[in-house]
Amino acid sequence: MHADLSPVIAATAQWLTCAYPASGGALACALGEVQARQAVTVAARLRYPTPMDVALLGVAGPGGSARLDWITGADGTAAADPDGDAWRTWVDEVVASWAACLLTDPELAALAVAALADGDGGPVAGRPSGTPVEFRRLLAPDEQDRRAATLLRHPDLVASVAELHHAQLVARLDPGQALVA
């Protein structure tokens with residue numbers, strides 16, 4: 001069983017960067033990946049705020065990328081090496097949707113990071129909550145970051161993914177929302 005969210009974060013960030021690739025060379029790819037990873041990290045820590053949530057995720061699994069692939073039109077491309085796509089089983093649809101929301105809505109991203117900083121997201125597997133500095137490229141991307149993640153941050157292009165679970169994210173970030181056991 002996995003003790004943390006790293007497999008889900010890595011796979012979901014990889015899915016986002018494959019679905020919405022950067023253009024402009026190796027630096028652009030790296031900057032796009034960092035932004036995707038920061039958004040996915042925030043989304044995953046909000047989605048799975050306690051060690052028990054993470055443990056249940058390890059048992060049940062995140063669900064995989066099949067629906068996301070279908071929505072984005074990537075489901076028709078058969079892999080040359082089926083084992084090479086095994087990482088796709090660790091993609092979490094809700095986390096990908098929430099990350100897309102965070103990448104395209106700066107106010108929502110700020111609320112999400114603030115929720116982690118306030119402890120609302122809670123520590124995950126012994127890690128302290130996030131701080132805004134830790135998520136600078138998500139919260140305050142510079143011009144180079146924006147150019148690198150043009151597709152990833154374009155609201156119209158990622159709308160089909162972002163809209164899947166947008167309401168759940170907004171509800172999760174609502175300070176008046178009571179937690180339901």
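Helix axes are lines fitted to C-alpha atoms over the stretch in contact, and the angle between two axes runs from 0 to 180 degrees between N-to-C directions. On that basis, helix α1 (residues 6-19) and helix α2 (residues 26-47) pack at an angle of about 130 degrees. Their axes lie 9 Å apart. The model is predicted.

On the α1 side, the contact is made by V8, I9, A10, T12, A13, L16 and T17. On the α2 side, G32, E33, A36, R37, V40, T41 and A44 take part. By class, the residues of this contact divide into 8 nonpolar, 4 polar and 2 charged.

The protein as a whole contains 10 helices and 0 strands. Read from the N terminus, the order of elements is α-α-α-α-α-α-α-α-α-α. The chain of the protein has 181 residues, and 40% of them are buried. Of the contacts between residues at least 6 apart in sequence, 83% join residues at least 24 apart.

The axes of α6 and helix α10 (residues 166-173) come within 10 Å. They cross at roughly 50 degrees. Helices α6 and α10 are therefore oblique to each other. From α6, L108, L111, A112 and A115 contribute. They meet H166, L169, V170 and L173 of α10. The contact of α6 with α10 comprises 7 nonpolar residues, 1 polar residue and no charged ones.

Individual positions give further detail. A28 sits in helix α2. Its relative accessibility is 8%, so A28 counts as buried. The cut-off for that class is under 20%. Beyond residues up to four places away in sequence, A28 touches A22, S23 and A148. A28 and R147 are 119 residues apart along the chain, yet their C-alpha atoms are separated by 7.7 Å.

With a relative accessibility of 2%, F135 counts as buried. F135 and A39 are 96 residues apart in sequence. In space, the C-alpha atoms of F135 and A39 are 8.0 Å apart.

A search of the whole structure finds 0 disulfides. C29 has a relative accessibility of 40% and therefore counts as partly exposed. C101, at 2% relative accessibility, counts as buried.

Definitions and conventions. Residues numbered from 1 in each chain as written. Predicted model: local features only at pLDDT ≥ 70, side-chain atom pairs only at ≥ 80, totals over all residues. Heavy atoms only, no water. Disulfide = S-S within 2.5 Å. Buried < 20%, exposed > 50% of the residue type's maximum accessible area, 1.4 Å probe, protein only. Helix = DSSP H or I, 4+ residues; strand = E, 2+ residues; numbered from the N terminus. Contact = heavy atoms within 4.5 Å. Nonpolar A, V, L, I, M, F, W, Y, C, P; charged D, E, K, R; others polar. Parallel < 35°, antiparallel > 145°, perpendicular 65-115°, else oblique.
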